[in-house]
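Biologist: Hi! I'm new to this one, could you walk me through it?

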Amino acid sequence: MRLSELSGAGGTRLAVVEAGPPDAPPVVLVHGWAQSAWSWAAQLTDERLTSRFRLIAADLRGHGNSSAPADGYDRSANWAGDVASLLTHAGRDAVLVGWSYGGLVITDYLREHGSQAVAGVALVGAITELGRGREGGRTGAVMRAALPAALSDDPAVAVPALQEFIDGMAARPLLGEIRQRGLGAALNTPPAVRHGLFRRDVGSADVLAGLDVPALVLHGLEDRVVDPAAGRYAADLIPGAATSWYPECGHLPFVEHAERFSAELAEFVERCQGAVS
């Protein structure tokens, strides 16, 4: 495991975790709202992936060990610039994997830069839009119940809401270590950042319909954070998108069904790299 830092949009410092050979095909892992690069711990420590690919996971701006600018979380260009920095760091066309809010971050990049430097896109329990009535941003009961309390700067209000949010991510109770890691990441995300990520109204139908690289949509059928309908929306719009639906799975396919997820991700990355070689 290697730790480093990059400069994102506007000079924002991005903390990066890497695993796997530096010269292997790169996979950029983009986590979700109020979480961190360590959401991908199961993949970063899975030899079936790290022996074949270079995994690059960054803390999003305002999250984890990355710096937290005072504002700018409502600007697609900032998120796009951060992903562009990660792709430059990758050094060759990479597969982008976006979980939850990470799917929106990836569409921000595609909106600004197209599929330049992208070998493929995997959307995992992801939103691709945000705003009232946006089909690609449809949320489930757990997300709706968490807001607005989880955005509060009053710990007495925010902490219980974030705890319930973390507990509701999976279809079955999470293991203690995973549960604590998720809550710790949420509490480590400043309230202004947690709130700022939702101060957007953005559609992505044209971005999805114009995607010209391989795409895979993976979604838990019991996801109560991001409604599976958001995944179907993206899959229906993206030309030739493959889908993988996970029964008895919530918002964390890469945790709840880590073996299956890692195997499918490896197969997808191999297919994408074959397409660009």
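Modeller: Happy to; we'll chat about salt bridges and then a surface patch.

Modeller: This is a predicted model, in which local features need pLDDT of at least 70 and side-chain atom pairs count only at pLDDT 80 or more, while totals for chains, interfaces and linings use all residues. Residues are numbered from 1 along each chain as its sequence is written, and side-chain values use heavy atoms, with hydrogens and water left out.

Biologist: How many salt bridges turn up in the whole structure?

Modeller: A search finds 14. A salt bridge here is a side-chain nitrogen of Lys or Arg within 4 Å of a carboxyl oxygen of Asp or Glu.

Biologist: Which side chain does aspartate 82 meet in a salt bridge?

Modeller: Arginine 61, at 2.6 Å from N to O. The pair links distant parts of the chain, 21 residues apart: aspartate 82 sits in helix α3 (residues 76–90), and arginine 61 in the loop between β4 (54–58) and α3. Helices (H or I, at least four residues) and strands (E, at least two) are DSSP runs, numbered from the N terminus.

Biologist: Is aspartate 82 buried or exposed?

Modeller: Aspartate 82 is buried, because its relative accessibility is 4%. Arginine 61 is buried too, at 2%. Buried means under 20% relative accessible area, exposed over 50%, and partly exposed in between (1.4 Å probe, protein chains only).

Biologist: And what does arginine 200 pair with?

Modeller: Its side chain meets aspartate 108 in a salt bridge of 2.8 Å, N to O. These two are 92 residues apart, with arginine 200 in the loop between α8 (191–196) and α9 (205–209) and aspartate 108 in helix α4 (residues 101–113). Aspartate 108 has 0% relative accessibility, so it counts as buried.

Biologist: Where do glutamate 264 and arginine 260 sit?

Modeller: Both are in helix α12 (residues 258–276); because they are 4 residues apart there, about one helical turn separates them. Arginine 260 is partly exposed, at 32% relative accessibility.

Biologist: Switching topic: which residues make the nonpolar surface patch?

Modeller: Met1, Leu3 and Trp38 make it, and it covers about 340 Å². Patches are made of residues with over 30% relative accessible area and no salt bridge, joining like charges within 9 Å and nonpolar side chains (Val, Leu, Ile, Met, Phe, Trp, Tyr) within 5 Å. Accessible areas come from the Shrake-Rupley method with a 1.4 Å probe, and for residues only the protein chains shown count as cover.

Biologist: Where is methionine 1 found?

Modeller: In the segment before β1 (2–7). Methionine 1 counts as exposed because its relative accessibility is 52%.
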